[in-house]
Amino acid sequence: MKQHSVRESWLEDAVRHLEPVFSKAGYAIPPVRVSCGFPASSSPRTTRGQCWPRERSGGGVNEIFISPKLDDPVQLLDTLVHELCHAVDDCFSGHGEDFKGIAMTVGLEGPARRRMLLKS
């Protein structure tokens, strides 16, 4: 198993490993930057992740931030998959039906506005 010295490299590696899951579901993960950080517009106590649309990035890519408070790998992956679904949609539909359709197709379940979890 590959060792990671920083969380960002773990997250980047996870995105690469998730690409086939999204591809099998009919979606391509767009170019993203993934890093740890607190949300800019939500409560850092309750928000686990945040995805910014491409138009707000100087590099023209979706910027995904995962809370540094998360340390459980399953919670990290749930959150990363959730945020990648926003990236696929370029944050257009929020937690609406288009987002929920993407999320359910790649294996998340539960209420979209709270936190959809990977199916067991």
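# Close-up views of a predicted model

**View 1. The largest nonpolar core.** Of its 22 residues, F22, I64, L80, L84 and C85 touch the most other members. Such a core is a set of buried Ala, Val, Leu, Ile, Met, Phe, Trp, Tyr and Cys residues joined through side-chain atoms within 4.5 Å; buried means under 20% relative accessible area with a 1.4 Å probe, protein chains only. At least two core residues come from each of α1, β3, α2 and α3 (97–105). With six residues, α2 gives the most. Helices (H or I, at least four residues) and strands (E, at least two) are DSSP runs, numbered from the N terminus. The model is predicted: local features need pLDDT of at least 70, side-chain atom pairs count only at pLDDT 80 or more, and totals for chains, interfaces and linings use all residues. Residues are numbered from 1 along each chain as its sequence is written, and side-chain values use heavy atoms, with hydrogens and water left out.

**View 2. Surroundings of L80.** Leaving aside neighbours within four places in sequence, L80 is in contact (heavy atoms within 4.5 Å) with L11, A14, V15, L18, V34, I64 and I66.

**View 3. The open sheet.** Three strands are ordered β1-β3-β2, with mixed pairing. Two strands pair if DSSP finds at least two bridges between them. The edge strands, β1 (32–36) and β2 (49–52), each pair on one side only. Neighbouring strands are turned by 15° against each other on average, direction ignored. β1 runs parallel to β3 (residues 62–66), with five bridges between them. C36 has I66 of β3 as its bridge partner.

**View 4. Helices on the sheet.** α1 (residues 7–24) lies across β1 and β3, at about 140° to β1. α2 (residues 73–88) touches β1, β2 and β3, and its direction makes about 160° with that of β3. Axes are lines fitted to C-alpha atoms, for helices over the stretch in contact; angles run from 0 to 180 degrees between N-to-C directions.

**View 5. Packing of α1 against α2.** The two helices pack at about 65°, with axes 11 Å apart. α1 contributes W10, L11, A14, V15, L18 and F22 to the contact; α2 contributes P73, L76, L77, L80, V81, L84, C85 and V88.

**View 6. The buried side of α3.** F99, I102 and A103 are the buried residues of α3. They lie on the same side of α3 because they cover an arc of only 95° around the axis, taken from the directions from the helix axis to the C-beta atoms. Their cover includes α2 and β4 (108–109). Just after α3, G107 takes a positive phi of about 110°.

Terms used
Buried < 20%, exposed > 50% of the residue type's maximum accessible area, 1.4 Å probe, protein only.
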